Amino acid sequence: MTRSIHTGASRRSFLRAVGGLAASAAIPQHGLPLVTGLAGMAALASQSSHAATTSGYKALVCLYMNGGSDSHNWVVPTDATGYAEYVRSRGELAWAADRLQGITVTGQAGGRSFGMPTELTPLRSWYEAGQAAILANVGPLVRPISKAEYSAGVSVPAKLFSHNDQASTWQSLAPEGAPSGWGGRMGDILMSANAHPVFTAVSASGNAVFLSGSSVSQYQVGVEGPVSASAIGSANLFGSTSAGSALQRAYAAASSDRIQMEYARVMQRGLSANAALQGALTGVNVPAIPSTAVAQVNAASTTLDKLNLARQLRMVLQIIAANQVLGMKRQVFMVQMGGFDTHANQMRDQPTQMAQVAQSINYFMAALNSLGLQNSVTLFTASDFGRTLLSNGDGSDHGWGSHHFVAGGAVRGGAMYGQFPSTALGTADDIGSGRLLPTMAVSQMAGSMAAWMGLNASEQMQVLPSLANFSGQPAFMKV
């Protein structure tokens, strides 16, 4: 039976969303006319007040590539004209044609064809099997803009090309300092469907604004499971045999000191959550990570089961597999991998990065299929920004639009969504040095996944306030 958030909460969500749209319409630096905000509010007003649909189980997993991935080499045009433009633009950063494997593509201009490098063979296989798709030229946008508007500074997202600010903008739709991310805001709406709301937003890679919400707090785990407070109950703490148990009693004792009480409350909540998760994971059995050889940057080959990204994904798998025991309906996860700031040594390092990402996703997808959970989980990639088509002599510099992947049984796979740009320099998509002006907004990409998670149109606007400024969303999810 469908469970949903009560109508009062939905009304409050509607009012918060309207307030957010009104505020964004009133901020001059966004370059948004008042009519845009009013149109968004009108769209909200026309929607049903019913809250998110949370029947069954669904999880969204963000695989974040820190540093700004050069996606121009992940998906490459292979038709004669497109490949020639790619080689002229990229120079020494271009893949040789014999390293590219063709892919099936729909939705692009006639005569265009594309390929992926051999390092991405495992990911290409999921794409060809219909369980992965390519999202072309995605990036943060306040609203659709032209190259001329960019040059005039009209409606340009704040602090482009800055690592910290654009990582935050991808994850929250605002520069560094944003209090919440769109994954956490989804969690705010969905958490009441979960028996253990504390496990609604889970990071396997440390603190991330993507999972921060107004009500939901991200729960962090290590690759081996819950991170325990090892000193509590310790038989030997700083040379004392009784300090550990004394600390445990202190957390449970009442106090008139408000700071001490709040600290104890947070610790108690964490200890309780850790115990609940550890208990649920005890009966969970997920496939082991295979010991497949994987190249490693500046080192000898390692094996997949030693890779931090694959181990993060296995931890996520374990929590997903425990969803029934924990009484979970909706969850949002985040895993991360670093090393993508390729100003130098790009052609040395990029093949390794690609292989590690592709093989880690391959393990995750295969495990989901073996557990019968492939239709319940969607994974997508994200990164600070794309990079320049133009080489700097040894790598590429900070860009804007980039290509990303989305994978899972609920994905309308084997297809490319959005408009794949020309890879020539000086086009209407090139704002300088081959920095691509995005033609698909992060909000549009996120909106499609939010709809799959069960959020209705007004709730999507609450999570993604700028969504009202775009017409339609890419239909890459089976909603």
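**View 1. Strands β13 and β14 pair in the antiparallel sense over two bridges.** Strands, like helices, are DSSP runs numbered from the N terminus (E, at least two residues, for strands; H or I, at least four residues, for helices), and two strands pair if DSSP finds at least two bridges between them. The model is predicted: local features need pLDDT of at least 70 and side-chain atom pairs count only at pLDDT 80 or more, whereas totals for chains, interfaces and linings use all residues. Residues are numbered from 1 along each chain as its sequence is written, and side-chain values use heavy atoms, with hydrogens and water left out. Strand β13 comprises residues 387–391, and β14 comprises residues 396–398. Serine 391 stands opposite serine 396 of β14. Four residues lie between the strands of this hairpin, in which glycine 393 takes a positive phi near 110°. Of the five residues of β13, four are buried (under 20% relative accessible area; exposed is over 50% and partly exposed in between, with a 1.4 Å probe and protein chains only).

**View 2. Helix α12 is largely enclosed by the rest of the structure, because 19 of its 25 residues are buried.** This helix covers residues 346–370. From its first C-alpha to its last, α12 reaches 36 Å, close to the 36 Å expected at 1.5 Å a residue; the expected span is 1.5 Å times one less than the number of residues. Just after α12, glycine 372 adopts a positive phi of about 75°.

**View 3. The axes of helices α4 (residues 121–128) and α12 come within 7 Å and cross at roughly 45°.** Axes are lines fitted to C-alpha atoms, for helices over the stretch in contact, with angles from 0 to 180 degrees between N-to-C directions. Helix α4 contributes Pro122, Leu123 and Trp126 to the contact, and α12 contributes Ala358, Gln359, Ile361, Asn362, Met365, Ala366 and Asn369 (contact means heavy atoms within 4.5 Å). By class, the contact has seven nonpolar, three polar and no charged residues.

**View 4. Serine 155 lies in the loop between α5 (147–152) and α6 (163–172), where lysine 159 is also found.** Serine 155 has a positive phi of about 55° although it is not a glycine. At 1% relative accessibility, serine 155 counts as buried. Lysine 159, likewise a residue other than glycine, has a positive phi near 55°. Lysine 159 is exposed, with a relative accessible area of 54%.

Technical notes:
Nonpolar A, V, L, I, M, F, W, Y, C, P; charged D, E, K, R; others polar.
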